[in-house]
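Colleague: I would like a close look at a single part of this model. Please give the cut-offs as you go.

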Amino acid sequence: MNSEEIFALTENFVASTYKRFPLALVRGEGVKVWDAEDNEYLDCLAGIAVCNLGHCHPRVTAAIAQQATRLMHVSNLYHIESQSRLARLLCELSFAEKVFFCNSGAEANEAAIKLARRYGHEVKGEGVKRIITMHHSFHGRTMATITATGQKKVQTGYQPLLDGFDYVPFNDIEAVAAAITEKTCAVLVEPIQGEGGVILPAPDYLSRLRRLCDERDVLLILDEVQTGIGRTGAFFAHQHSDIAPDILTAAKALGNGFPIGAMLAIDRVMRYFGPGSHGSTFGGNPLASAAALATIETMCAEKIVDKVVQTGAFLVAGLKQLKQSFPEIIGDIRGLGLMVGVDLKVPVAEVVEACLKSRLLVGSAGDNTLRLTPPLIIEKAEIETLLQVLTEVFRVY
Ligand SMILES: Cc1ncc(COP(=O)(O)O)c(C=O)c1O
């Protein structure tokens, strides 16, 4: 099929929940993707922080292919070797002692919300179920996770929302302290707000939040769906600090493009998820787990995460130089590792479209922020190409 034929099919048969660009990608390798006419694009979005090892990494592809010929799915009523090995690896790489598997970020957050409520109910008493979340956060598109999300635009038209959420500004410890009541069971926060515009916390925010949660006997849930799996230069973003959450959610890059989500927790909390309390038909099935296991094993074997801080610093330095040439276009530049946001003073949608015409894929977030989340394997030469394209795009203004 050519691109025009694919566009027509989408238009006719796929729900229009996305404002789609006129691009149909059919093939990918590393940091490159190709459309139906075989035009090559540099992918600095990576499916929005998903393909951290690049497209079709041979080890992940081989693991999926091999598992697909052996056993794709069995129920969680039975033991699944790849799932158990994946859980052990995630625990070895983090604070966690137990893992629950699902299929997406929203589902991982649903699980976290349910677990926190159940913990509150069982440990602290009936009605201790309220969860504090942040303005401009993003936690997913299910009913519970749009309620948790502190953005009106994702909630519009879906009321009644769930009861039991309180919202405070991100990065404001006093506001969290004031919002905690005897009915609060947890605080849910992204270590870096992704969809909200790549908003970094103050350096001591997470540790102060941890201390506050301990003092007030409230669980700390970190949503690392976007920041996790090496994106910021640590396996999980909170590992840049010296704190650990009680519950953490991951998805996106966990399977390098194969859908899988996970909720990690300490045993003292996870034990309230007993038989029948929660579940998922596909969660951590043999195929998804094999993909995630290969993704993380490859990341460790190839020491991918170690390079991210350096590559990210190279990218940010290049962007700062660009800002000197275009101060009337570029505002604040923020990022950690390869999760980078650039505030623009011209419409970001125009810039994203112009980049696309120059065969560069980038994204947007927040009000007017250019979002760069390339595969973690991106080389300096490819970052130079990215900066060159941005230079040409900005020159037109
Ligand atoms: C921080 C965060 N949480 C949750 C989600 C939802 O993940 P999913 O789209 O896999 O449900 C996202 C997606 O962008 C996210 O960035």
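What follows is about the contact between domain 1 and domain 2.

Modeller: One caution before the details. This is a predicted model, so local features need pLDDT of at least 70 and side-chain atom pairs count only at pLDDT 80 or more, while totals for chains, interfaces and linings use all residues. Numbering starts from 1 along each chain, as its sequence is written.

Start with the bounds. Domain 1 covers 3-56 + 304-395, and domain 2 covers 59-301 (an automatic or database domain assignment sets these bounds). Taken over C-alpha atoms, the centres of domain 1 and domain 2 are 26 Å apart.

Now the contact itself. On the domain 1 side, 26 residues are in contact with 26 residues of domain 2 (C-beta atoms, placed from the backbone, within 7 Å). Five names matter here. Helix 2 (46-49), helix 12 (304-325), strand 11 (330-336), strand 12 (339-344) and strand 15 (369-372) each give two or more residues to the side of domain 1 that touches domain 2. Helices (H or I, at least four residues) and strands (E, at least two) are DSSP runs, numbered from the N terminus. Which element gives the most to that side of domain 1? Helix 12 does, with 5 residues. By class, the side of domain 1 that touches domain 2 holds 15 nonpolar, 8 polar and 3 charged residues. Here Ala, Val, Leu, Ile, Met, Phe, Trp, Tyr, Cys and Pro are nonpolar, Asp, Glu, Lys and Arg charged, and the others, Gly among them, polar.

Step back to the chain. It has 14 helices and 15 strands. Its C-alpha atoms fill a box of roughly 60 × 50 × 45 Å along the principal axes. Of the contacts in the chain with a separation of 6 or more, 73% join residues 24 or more positions apart. Buried residues make up 47% of the 397 residues (20 or more other C-beta atoms within 10 Å is buried, 12 or fewer exposed, in between partly exposed; C-beta atoms are placed from the backbone).

Asp 246 sits in the loop between strand 8 (219-223) and strand 9 (247-250). Asp 246 counts as buried because 26 other C-beta atoms lie within 10 Å. Leaving out residues up to four places away in sequence, Asp 246 touches Leu 219, Leu 220, Ile 221, Ala 265, Ile 266 and Val 269. Val 189 is 57 residues from Asp 246 along the chain, and their C-alpha atoms are separated by 12 Å.

How values were computed
Contact = placed C-beta atoms within 7 Å.
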